Amino acid sequence: MKKEYTNGDVTIVWDQEKCIHAAECVKGLPGVFKPQEKPWIQMGAVSSEDIKKTVRKCPSGALTIKED
């Protein structure tokens, strides 16, 4: 299952089946990636560039940036 999360500038695609729960996203931006909450990705007051940098660190490829 894939889900998309956006802040209007950047869109994160999360592929649940690829996720290995390495938590690199949570460690990198705990204010955005909150696995105990729903929705678990909350892109509020963080820059799009910081979000992109953190998503690129996902070791499984479960998190990607949707390119327009």
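1. A salt bridge here is a side-chain nitrogen of Lys or Arg within 4 Å of a carboxyl oxygen of Asp or Glu. Glu-24 forms one with Lys-27, with 3.6 Å between the closest N and O atoms. Both belong to helix H1 (residues 24-28) and are 3 residues apart, so about one helical turn separates them. Helices are DSSP runs of H or I with at least four residues, strands are runs of E with at least two, and both are numbered from the N terminus.

2. The model is predicted: local features need pLDDT of at least 70, side-chain atom pairs count only at pLDDT 80 or more, and totals for chains, interfaces and linings use all residues. Residues are numbered from 1 along each chain as its sequence is written, and side-chain values use heavy atoms, with hydrogens and water left out.

3. The classes are buried under 20% relative accessible area, exposed over 50% and partly exposed in between, with a 1.4 Å probe and protein chains only.

4. The whole structure has 2 salt bridges. In one of them, the side chains of Glu-4 and Lys-66 meet at 3.2 Å, N to O. Glu-4 is in strand S1 (residues 2-6) and Lys-66 in the segment after strand S3 (63-65), so this pair ties together parts that are 62 residues apart in sequence. Glu-4 is partly exposed, with a relative accessible area of 47%; Lys-66 is also partly exposed, at 38%.

5. Three strands make an open sheet in the order S1-S2-S3, with antiparallel pairing. S1 and S3 are the edge strands, each pairing on one side only. Averaged over the sheet, neighbouring strands are turned by 25° against each other, direction ignored. Pairing requires at least two bridges found by DSSP between two strands. Angles run from 0 to 180 degrees between N-to-C directions, and axes are lines fitted to C-alpha atoms, for helices over the stretch in contact.

6. S1 and S2 run antiparallel and are joined by 5 bridges. Lys-2 has Asp-15 in S2 as its bridge partner, and Glu-4 stands opposite Val-13 in S2. The hairpin of S1 and S2 has 4 residues between the strands, and Gly-8 takes a positive phi near 90° there.

7. Thr-11 is in strand S2 (residues 11-15). Thr-11 is buried, with a relative accessible area of 17%. Leaving aside residues up to four places away in sequence, Thr-11 touches Glu-4, Tyr-5, Thr-6, Thr-64, Ile-65 and Lys-66, where contact means heavy atoms within 4.5 Å.

8. Which residues have the most contacts inside the largest nonpolar core? They are Ile-12, Phe-33, Trp-40, Ile-41, Met-43 and Leu-63, in a core of 17 residues. S2, H2 and S3 are the elements that give two or more residues to this core. A nonpolar core is a set of buried Ala, Val, Leu, Ile, Met, Phe, Trp, Tyr and Cys residues joined through side-chain atoms within 4.5 Å. Among the residues touched by Trp-40, not counting those up to four places away in sequence, are Tyr-5, Trp-14, Phe-33 and Leu-63.
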